[in-house]
Protein chains: 2
Amino acid sequence: MSVDKELMKGSTSILILSLLSGEDMYGYMLTQRLHQASDDVFEMKEGTLYPMLHALENEGAIESYWAEAAGRGRKYYRLTSAGRALLERKKDEWRVYSRAVDKVVGTARRRLWGGEPCEG
Amino acid sequence: MSVDKELMKGSTSILILSLLSGEDMYGYMLTQRLHQASDDVFEMKEGTLYPMLHALENEGAIESYWAEAAGRGRKYYRLTSAGRALLERKKDEWRVYSRAVDKVVGTARRRLWGGEPCEG
DNA sequence: CATGATACATCGTGTTACTATGTATATAGA
DNA sequence: TCTATATACATAGTAACACGATGTATCATG
């Protein structure tokens, strides 16, 4: 990832599950979409992605199937219902965790959760 | 930490530096203050804290000094100017990182940075 | 025909946080 | 008094995680 490695650890699975919640994707596609969706902040490496996909599949959070595209096989991944539940838990965890960091770091910024937007 | 380990990796140093930016503290005190300041979310273990303190001291981000309190020696840590600069960089990194995760995860909540509060 | 992008995958390495363990003093309760 | 708990510092070994390096193969482009 392009952000400090220190901060990247552990958030890989929530990112993958989130992307797959909108659409079935194959590995390479996931890396591209993640890059776009994060405004070029995240650049997941293959050495990170594929082992994580296999682990999530072993857990039953995602399922794979092969499909042909442009004369080439692509391995697509689909979120299972268990994976959807896992994603919700991970979202909750992320909210708890990031709010706690914000509180300790105590920057000047404010965060609102589910409220009305002030701007934009 | 009481949150999933997966999410904890890498944020230890920003938490320690943030706490020390307000006041000199000794190790055990840091664990207690972190617990309070995070609304009981973070519970840093000694096996995590002390090696991290020593590493930060080796980097020159913090300095230590012994002081007597209650008939017992306590090893206090003080943020250096280099440590203060490091903290600012880590805050910037945290903002970039957490915003990127939010964007990908795409929850219903909104985040504002330094803007006027909507509520509260 | 060569180069780069696409596409999947594994192995070894380094970092990081944790568990377990060790030492020692102060305090509170039985 | 004795014991348990909290306080206080520290290290060694372990497991998880992301990465770099590497390998294979196809497709488009020049």
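In this predicted model, buried residues account for 30% of the 120 residues in chain A. Chain A contains 5 helices and 4 strands. Read from the N terminus, its elements follow the order α-α-β-α-α-β-β-α-β.

Ser11(A) gives one example of sequence distance set against spatial distance. This residue sits in the loop between H1 and H2 of chain A. Ser11(A) and Trp94(A) are separated by 83 residues in sequence, and their C-alpha atoms lie 8.6 Å apart. Ser11(A) counts as buried because it has 24 C-beta neighbours inside 10 Å, and the cut-off for a buried residue is 20 or more.

The largest nonpolar core holds 48 residues. Within this core, Leu17(A), Leu20(A), Leu17(B) and Leu20(B) touch the most other members. Both chains contribute. In chain A, helix H2 (12-22), H4, strand E3 (72-79) and helix H5 (81-105) each supply at least two residues. In chain B, helix H2 (12-22), H4, E3 and helix H5 (81-105) do likewise. The contacts of Leu20(A) can be listed. Leaving aside residues up to four places away in sequence, Leu20(A) touches Met25(A), Ile62(A), Tyr77(A) and Leu79(A).

Helix H2 of chain B is mostly covered, with 9 of its 11 residues buried. The buried residues of H2(B) run through Thr12(B), Ser13(B), Ile14(B), Leu15(B), Ile16(B), Leu17(B), Ser18(B), Leu19(B) and Leu20(B). H2(B) lies across E1, E2 and E3 of chain B. Its direction makes an angle of about 100° with E3(B).

These strands of chain B form an open sheet of 3 strands, in the order E1-E3-E2, with antiparallel pairing. Strand E1 (25-26) and strand E2 (62-69) of chain B stand at the edges. Each has a single partner strand, so one side of each lacks a neighbour in the sheet. Strands of a sheet pair through backbone hydrogen bonds. E2(B) and E3(B) run antiparallel and are joined by 8 bridges. Two positions illustrate the pairing. Glu68(B) stands opposite Gly73(B) in E3(B), and Ala67(B) has Arg74(B) in E3(B) as its bridge partner. The hairpin of E2(B) and E3(B) has 2 residues between the strands. In this hairpin, Ala70(B) adopts a positive phi near 55°.

The surface near DNA strand D also draws on both chains. There are 31 residues around DNA strand D. Gly47(A), Thr48(A), Gly71(A), Tyr26(B) and Gly27(B) come nearest. On chain A, helix H1 (5-8) and helix H4 (46-59) each give two or more residues to this surface. H4(B) gives the most, with 5 residues. By residue class, the surface near DNA strand D comprises 12 nonpolar, 9 polar and 10 charged residues.

Terms used:
Residues numbered from 1 in each chain as written. Chains lettered and ligands numbered in written order. Predicted model: local features only at pLDDT ≥ 70, side-chain atom pairs only at ≥ 80, totals over all residues. Near = placed C-beta within 6 Å. Nonpolar A, V, L, I, M, F, W, Y, C, P; charged D, E, K, R; others polar. Core = buried A, V, L, I, M, F, W, Y, C linked by C-beta atoms within 7 Å. Buried ≥ 20, exposed ≤ 12 C-beta atoms within 10 Å, placed from the backbone. Contact = placed C-beta atoms within 7 Å. Pairing = 2+ DSSP bridges. Axes fitted to C-alpha atoms, helices over the stretch in contact; angles between N-to-C directions.
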